Amino acid sequence: MPKEHLELLKKESQTLENNFREILLLIEQIDVLKVVLRDMKDGTHNHSWALHGEAEEDQDSTEVLDEEMSNLVHYVLKKLRGDQVQMADYALKSAGASIIEAGTSETYKNNRAKLYWHGIGFLNYEMPPDIILQVKPDVHPGKCWAFPGSQGHALIKLARKIIPTAVTMEHISEKVSPSGNISSAPKEFSVFGIMKRCEGEEIFLGQFIYNKTETTVQTFELQHELSESLLCVKLKILSNWGHLKYTCLYRFRVHGVPSDET
C-alpha cells in the first residue's frame with residue numbers, strides 16, 4: 001500500500017477516534033442535563049405549600065428553567081447528530097487539495113469587506129475560494145467564499161487521484177444567520193470530473209439540490225460512476241435560494257475510492 005494512502009488512513013482513523021470521544025462526552029452531558037432538569041422539577045414540587053402568588057411565581061420560574069434546560073439538551077443533541085459524514089474528504093486543503101484559480105469564478109467584491117485608514121481602503125478581507133476546502137470546527141456566518149450572482153464554479157485539484165463516489169455540501173442554518181435567512185446558499189449544483197491535468201473534457205457526475213430546510217451538512221451520491229480515477233473535480237453552482245447579489249459557499253467535500261496511482 002502506498003505511503004500516502006497509509007497516511008490518509010491514519011488521519012481518518014484519528015478523526016473517527018476523536019469523533020467517537022466527542023460523542024461519548026456529549027452523551028454524558030445529556031445524561032447530566034436530564035438529571036439536573038429532573039431535580040429542578042422535584043425541588044419545585046416540594047414547595048407546593050407556598051402561597052398562591054408565590055406558587056405562580058415558582059411555576060413561571062420552573063417553566064423558564066425547563067425551557068433553558070430543554071434548549072441545552074437540544075443543542076447537545078444537535079452537536080451529536082451534526083457532522084457525521086464519516087468519509088475521507090479528498091478535497092481537503094490540509095491534505096493537499098487546492099483551488100485552481102484559472103478555472104474558478106471571481107470572488108464577489110464588497111466595499112464593506114474592506115478596512116479603511118483616513119478614508120483610504122487598504123485591505124480587503126473577502127474570503128478566498130480555498131476557504132471551501134478547509135475544516136471549520138464551528139461554522140460562523142460570513143466565513144465563506146462568495147462569488148457574484150447565482151451561478152459560478154470552482155475547479156478543485158484533489159489531494160490524490162480517486163474514483164469519486166459522493167460529494168458533501170455544507171452551509172450555515174437560518175437560526176445563526178444575522179439576516180434570519182440563507183438566501184445566498186447554493187440551491188441547484190452539478191459536479192464534473194476532469195481526467196487529465198485539470199483540463200480538457202468535463203465528465204458529468206451528477207446534479208443535485210441543496211435543501212436549506214434540512215441539515216446543514218448534506219451528502220449526495222454521484223449519479224454517474226467512473227471506471228477510471230481522476231485528480232480534478234469541477235463544482236458548478238446553477239442557482240441559489242434567492243439572493244440577487246452573490247452566492248456563498250462554506251464547505252465542499254469530495255469522497256471516493258483512492259487510486260494506487262499518485
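Tyr246 is partly exposed at 23% relative accessibility, where buried means under 20% relative accessible area, exposed over 50% and partly exposed in between (1.4 Å probe, protein chains only). The model is predicted: local features need pLDDT of at least 70, side-chain atom pairs count only at pLDDT 80 or more, and totals for chains, interfaces and linings use all residues. Residues are numbered from 1 along each chain as its sequence is written, and side-chain values use heavy atoms, with hydrogens and water left out.

**Aromatic pairs**

- Rings of Phe, Tyr and Trp (its six-membered ring) pair if their centres lie within 6.5 Å, with planes under 30 degrees apart counted as stacked, over 60 as edge-to-face and the rest as tilted; the count comes to six aromatic pairs.
- Tyr108 and Tyr246 have ring centres 4.9 Å apart and planes at 40°, so this pair is tilted.
- The pair links distant parts of the chain, 138 residues apart: Tyr108 is in the loop between strand S1 (98–99) and strand S2 (114–117), and Tyr246 is in strand S10 (residues 246–249).
- Helices (H or I, at least four residues) and strands (E, at least two) are DSSP runs, numbered from the N terminus.
- Tyr108 is buried, at 17% relative accessibility.
- Phe189 and Phe208 also form a tilted pair, 5.5 Å centre to centre with 45° between the planes.
- Phe189 belongs to strand S6 (residues 188–196) and Phe208 to strand S7 (residues 199–209), 19 residues apart.
- Phe189 is buried with a relative accessible area of 0%, and Phe208 is buried at 6% relative accessibility.
- Phe189, Phe208 and Phe220 are linked into a cluster by ring pairs.

**Charges over rings**

- A charge sits over a ring if NZ of Lys or CZ of Arg is within 6 Å of the ring centre and within 35 degrees of the ring normal.
- Lys187 lies over the face of Trp241, 4.6 Å from the ring centre, and Lys236 over the face of Phe192, at 4.5 Å.

**Disulfides**

- There are two disulfides, each a pair of cysteine sulfur atoms within 2.5 Å.
- Cys144 is joined to Cys248 with an S to S distance of 1.9 Å; the torsion about their S-S bond is about 50°, so the disulfide is right-handed.
- Cys144 lies in the loop between strand S3 (120–124) and strand S4 (145–148) and Cys248 in strand S10, so the bond ties together parts 104 residues apart in sequence.
- Cys144 is buried at 6% relative accessibility, and Cys248 is buried at 7%.
- Cys198 and Cys232 form a disulfide with sulfur atoms 1.4 Å apart, and both residues are buried.
- In sequence order of the bonded cysteines, the pairing is 1-4, 2-3.
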